[in-house]
Amino acid sequence: MNDKKLKLVDLAKLAGVSTSTVSRALNDNPLIKLETRQKLQRLAKKHNFSLNTAASRLRTQKTNVIAVMINLDGDTEQSINDPFLLKLVGEINLALNKHGLELLLSNSFMASDDWVNYFINSRRADGLIVVGQGKSQANIEAAANAGVPLVVWGDPKTESNYPIVGSDNYLGGRLATERLLEHGAKNVLFLGDPAHAEIGERYRGYLDAVSKAKATPNVLSIDITSKAAYQGINQLLVDKGLCFDGIMACSDMVALGAMKALKERYISIPNDVGLIGFDDISMADISHPSLSTIKQNTQRASIILVEKLLAQLAGQKVNSQVVEIELINRQSSK
């Protein structure tokens with residue numbers, strides 16, 4: 001055979017299998033046994049054969065691509081380089097790859113308001129995983145109402161017309177605050193932006209813990225970045241002095257920004273101020289002092305996000321789901 005003109009049917013004859021088996025094997029579909037996949041992939045490489053993915057997509061009306069969109073608010077400096085977002089996207093990518101699917105990474109600035117046309121009608125992707133509910137859910141609701149297969153990483157206790165997968169943010173906020181109060185803190189500062197769906201639940205947990213301890217809430221509303229936390233804590237210390245002895249930060253990056261500001265002013269952590277973050281990014285364990293935090297099981301969440309999206313693509317109805325959390329005690333709250 002002329003290798004340059006080798007077709008899928010020719011490769012199937014050489015291997016003694018069906019064309020669908022070859023196609024799935026070359027797409028690394030887990031439905032085909034690993035040994036068979038590797039054998040067919042070696043045969044294809046030997047004969048310089050590659051799938052015509054464009055033709056396949058036209059024929060099946062499927063792209064085998066899932067768009068993962070970082071939903072950023074217009075007034076935030078948070079971006080895709082946030083370590084927690086990178087971690088989550090990486091784990092979603094692994095979960096998609098196990099199903100033979102590709103990831104298309106985008107953000108809400110690129111997609112604008114018309115997610116239906118940008119992702120689905122334009123044939124960029126078959127479905128959508130949205131990372132973050134943000135301060136407004138209007139675009140998510142509009143896409144869901146238009147029938148776009150989508151699932152959202154956010155707060156699963158939110159009432160919605162779309163499935164949400166995420167941590168028990170209320171419990172995380174409450175546990176972190178209780179930890180600080182149990183270890184002697186009298187004035188715990190909440191650091192973050194309660195207007196966000198997920199962070200608002202963490203704030204609610206904080207408020208309940210403070211109320212139970214008969215303490216007074218103390219809130220510094222900032223953008224959810226380390227830079228904003230650093231600037232906010234510095235300004236608060238200038239304006240009011242050390243008016244807190246504990247910080248419940250809405251994320252690890254926010255906590256690390258606060259830690260930097262405190263250390264530069266020789267405020268001891270945890271002797272003067274106890275500090276707990278949220279996420280358990282890799283930097284939390286190697287910071288000095290190491291950062292106590294609420295660990296989100298993003299690996300498990302990523303698998304669930306993909307499974308729920310695939311179920312929607314198969315015409316099934318799915319519900320929201322809560323993923324477990326864990327309080328990780330390190331040096332910053334001892």
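A disulfide is a pair of cysteine sulfur atoms within 2.5 Å. I looked for such pairs and found 0 disulfides in the structure.

I noted first what I was working with. This is a predicted model, where local features need pLDDT of at least 70, side-chain atom pairs count only at pLDDT 80 or more, and totals for chains, interfaces and linings use all residues. Residues are numbered from 1 along each chain as its sequence is written, and side-chain values use heavy atoms, with hydrogens and water left out.

**Cysteines.** I checked C243: it is in no disulfide, and the nearest cysteine sulfur, that of C250, is 18 Å away. For accessibility I used these cut-offs: buried is under 20% relative accessible area, exposed is over 50%, and partly exposed is in between (1.4 Å probe, protein chains only). C243 has 24% relative accessibility, so it counts as partly exposed. C250 has 1%, so it counts as buried.

**A helix pair.** I took helices (H or I, at least four residues) and strands (E, at least two) as DSSP runs, numbered from the N terminus. Helix α5 (residues 83-97) packs on helix α14 (residues 298-313) at about 50 degrees, and their axes are 8 Å apart. The pair is therefore oblique. That word covers what is left when angles under 35 degrees are roughly parallel, over 145 roughly antiparallel and 65 to 115 roughly perpendicular. Axes are lines fitted to C-alpha atoms, for helices over the stretch in contact, and angles run from 0 to 180 degrees between N-to-C directions.

Which residues of α5 meet α14? I listed F84, K87, L88, E91, I92, A95 and L96. In α14 their partners are T298, Q299, S302, I303, L305 and V306. Contact here means heavy atoms within 4.5 Å.

Most residues other than glycine have a negative phi, and most peptide bonds are trans. I looked for exceptions.

- I269 and P270 are joined by a cis peptide bond, with omega about 15 degrees. P270 sits in the loop between α12 (252-264) and β9 (274-279).
- H288 to P289 is also a cis bond, with omega near -5 degrees. I placed P289 in the loop between α13 (282-286) and β10 (292-296).
- R123 is not a glycine, yet its phi is positive, near 65 degrees. R123 lies in the loop between α7 (115-121) and β3 (127-131).
- K214, not a glycine either, has a positive phi of about 55 degrees. I found K214 in the loop between α10 (197-212) and β7 (218-221).

Is K214 buried or exposed? Its relative accessible area is 77%, so K214 is exposed. R123, at 33%, is partly exposed.
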